[in-house]
Structures are given as C-alpha cells and as structure tokens.
2 protein chains.
Amino acid sequence: MKIVLIGSGNVAIHLGPALIKAGHKIIQLAGRTETSTRKLSIRLNCPYTLDPGSITEKADIYILAIKDEAISGYSRYIPGNKALVLHTSGTVKADVLANCGKMYGVLYPVQTFSRKRKINFKKVPLCLEAGTPDSKKRLDSLARSISNNTQWTSYTERQYIHLAAVFANNFSNHLYLIAEKLLLKKDLSFEILRPLILETALKVQKNRPLQMQTGPARRGDTKTIEMHKALLKTDDNLSNMYTILTQSILDHSGPTM
Amino acid sequence: MKIVLIGSGNVAIHLGPALIKAGHKIIQLAGRTETSTRKLSIRLNCPYTLDPGSITEKADIYILAIKDEAISGYSRYIPGNKALVLHTSGTVKADVLANCGKMYGVLYPVQTFSRKRKINFKKVPLCLEAGTPDSKKRLDSLARSISNNTQWTSYTERQYIHLAAVFANNFSNHLYLIAEKLLLKKDLSFEILRPLILETALKVQKNRPLQMQTGPARRGDTKTIEMHKALLKTDDNLSNMYTILTQSILDHSGPTM
C-alpha cells in the first residue's frame, strides 16, 4: 500500500523501516524538525516535507506517529477523505480523526522505542481500533503485514493497556534509577545490578509475576525490611516508596497468602 | 578444593553445579529437607546428610547457602577450625561465623535464582568479604573460579547492594504483577506486556536508567497522568503507588530538569 508517514520521532523511526520491509511504499514523510525528518527520509528512501499543507493526497494510508496533543490538530491537514487515517497513541481516542472521513483508526504499538535500539517489529504487539468494515479490513491487512502479534482493542482496553505499560515499563525503569542512586551513595557501579535486572525480566517471559516474586516482603522477613527502612530513613521519598511497595507485595503475595 | 555445601534451595541449586564445573569437589551436601537434598546430591554426584552433626571435617571450604536466620545457628555444627566458612547472604554480617575459627567470609551472588531457570554463573556478580589474608586468598581463588565478575565489598556496601537489588528486582517484579492485575480487570492477557518488559531491561544493559526514561511523567504530560489517576481512583493502594512513582520521576527526570 502507498503510505504517508507523519512524524520523525521514536515510533516513526521504527515503524517506517517495518512498513518498507513488509513491502509497502512510503510515498512521503512529513515532519516538524528538519534534521530528524531529512535523516529518516534518507533511510526510508522517500521525499519529505516540513509543511503540513504539502502532504500528498495520493496515499492509501496516512499514519500520524506524532505526540498525543498534536494528533487532532495535524489531522486537519490530511487531504481527501478516501484514505485510511491512523494514529499510534495509547491514550488518544480514535474519533479525534473523524474529520478525515469515514476511514480512521488506531495502530498502537505496545513497546518502548529508542533511537539507539533495534527492535524486531514482527514481535511488537499492536492494538488496533477502527470503525467501519472497510477501515477494519485495511487496518488488519496493514497490521498483520508488519507484526505477528495484533489484536483489536476498544478505547477502554487500550487505556488500561497503556496504564499497565506505565507500571511495567516507566515505573520499572525508574526503580532501576533509584537502585543506581542507592549504589552511588557508596560509590558502587550500576553494573553490578544489570544481570539481575535482565534475569528479572526474562523470568516473567514464561511465568506469571506472582510465581516469580522473591525477596524480604515475599518471605515476610521483617528483620531485613526494618534494616532497609533504617538505611532509607533520611530520604522521605524513598522510605515512602519502599513502604508502599513492600506493603503491596505483602498484600498480594506475602507469606500469609 | 574440597567443599561441603550446606543448603538445597535456589542458591545451592545454582552454586553447586557451578562449583563442580569449575573443577572443585563437593564431598558432602547437607540439607534440611530430604526430597530436595537427595535430588540435589544426585545432580552433584556426592553423599548427603540431613544431620548437621554428621558434617565431615575433611573439607577446605564450607558454604552455608541457607536462610539468613539459620546461618548463625547452623555454623556451630561446622567441625574443625582450619577451613574457610562462607555464607551467601546479602544482609547477614560476616562475623556471625566467627565461632568457626579465623577463616570465614561472605560470597554473596547478586542474582535471582529460580529452580526453573538456567543461569550462566560466570556472569553472576559476586560480592566478597573476608578478614584474614589467608581467608581472602582462598575466597578470591574460589570466587574467580566460578565467576568472571567478583568484587570485594564491605558490610555496608553489601547492605546497599542488597537494598538496591530489592528495588531493581523485587519491586520491579511486583510492578509486573500490578500491570497484570490492571490488564485482568479488562480480561486482557499479560502476554501483551512481555516484549515491553524485556526491552525495558535490555535498554539499561548498556545505558543508564535516566537516559532511558520515557512515559507521561518524563514528558510532563499531565493530561495522561490525570487520565491514569481517574482509572485508578477506586483503588487507594494503586493510586498512592502511581502518585509516588510519578512524582519521583518528575523529581528525578521530569521535563523541568
């Protein structure tokens, strides 16, 4: 299919090459920032524009891989009303694209994308949403061409997936940062925790988190918990975080369960 | 070296084979539970005992891979006072072993061990502690034979490493559980988050957590944060956890930094 990709950020950088690999043609890339847009257009071997008014009307699909708050406004620039228009957000409703015609929807990739990291897009879970039978058909065909892991989700389901992803990804990463901070207090390197962090994530790839829970709270080891609290007593934020997470483990998977 | 391994739990299950692979001889396994001790002794091809009074005095090294609270009591059964006696705990002081003679210390593996999972022990970071030059020498030689990643740490350093590991491992795993719980509210499968969880851990293998932080708090996206809080409003524990972690991201890596 002929696609116009809008955006030059982390999603576009990974989605663009996946579309080409699947045999689609990106006929135009539209971006806001000259440097990143030109750079990505070279990788995608396609023309680019920085002017939303110059977007071609010749595409079958327009994909808005841009910031949540920019989606609604940008969608007004999409010419014609026969193409399928998609956004990639976990939190924005599909119908902010209703002004683009009957064919609109959502393709939300449940993954964290970084400039530096390669991702096997075939394994990225895609949450799909569309209204009419025609747009569903076209979105389904597009999504299956780039990923082996697609599912239809309602707006509410997508909201919960996004929220769960914040806990599993954003908050976990922040706990890594807290761990690094604690090590730095004693001039210790974060390196010592890297194998543990990787193994923690690998363990839940085939098991449920509840079965994999270990540690003082899981064992009901109050002596160690008190020792940890004493180490954290000068930092209200960390003490608080430690207490809440420890209590939550006790509530969900503690030794009395 | 000739080793007596004490314990048949997750640490012993992984440490035992690593010792044999490194060319050491486990001359006896001592355990509390018949089934797991016999099973591990078959894997390690060594005799076993369930009676602490029957521990042989012919070993160069005794390793107590048992629960924190059992270490001190069990150490009294170790015969002779010429061998090196070690425990593997992240939180127990070395000198609870002082009754075993001059040669004692700590070999604390910074990893999470599960019965089901294979671990490359050569990559497990080992924190070492010992008092006398002789015990340091013997511990160093033992540790380097089973891991490429060893370092000497004081008791305080080990305490901080253990605390940091609780944040990076126990608490992260609990966040995976919370994420699963949120998905279950809408009958969604945890499967959708597994690639994201793995990628989150892979990203910090070569980068620092601060550089890898993404999400609404990192972006200062108050609209999404408010939406998430609304979804959590019926659950005080989760609301509280969300608020504290979000605020901590804002404090450490938010858009104003």
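Predicted model: local features only at pLDDT ≥ 70, side-chain atom pairs only at ≥ 80, totals over all residues.
A residue counts as buried when its relative accessible area is under 20%. You'll find B:Met103 in the loop between strand 5 (84-87) and strand 6 (104-109) of chain B. Setting aside neighbours within four places in sequence, B:Met103 is in contact with B:Lys82, B:Ala83, B:Leu84 and B:Val85, and also with B:Thr132, B:Asp134, B:Ser135 and B:Arg138.

Now over to where the chains meet. Here 88 residues of chain B are in contact with 88 residues of chain A. Together the two chains bury about 9000 Å², and carbon and sulfur atoms give 67% of that. B:Tyr160, B:Phe167 and B:Ile192 supply 8% of the area that chain B buries against chain A, more than any other three residues.

One salt bridge joins the side chains of B:Arg117 and A:Glu199, at 2.9 Å from N to O. A:Glu199 sits in helix 6 (residues 194-203) of chain A and, at 6% relative accessibility, counts as buried. Besides B:Arg117, A:Glu199 touches B:Gln111, B:Thr112 and B:Ile119, leaving out residues up to four places away in sequence.

Which helix of chain B gives the most to the side that touches chain A? That's helix 5, with 29 residues. By class, this side of chain B has 46 nonpolar, 27 polar and 15 charged residues.

Notes:
Residues numbered from 1 in each chain as written. Chains lettered and ligands numbered in written order. Heavy atoms only, no water. Helix = DSSP H or I, 4+ residues; strand = E, 2+ residues; numbered from the N terminus. Contact = heavy atoms within 4.5 Å. Buried < 20%, exposed > 50% of the residue type's maximum accessible area, 1.4 Å probe, protein only. Buried area = accessible area lost by both parts, 1.4 Å probe. Salt bridge = Lys/Arg side-chain N within 4 Å of Asp/Glu carboxyl O. Nonpolar A, V, L, I, M, F, W, Y, C, P; charged D, E, K, R; others polar.
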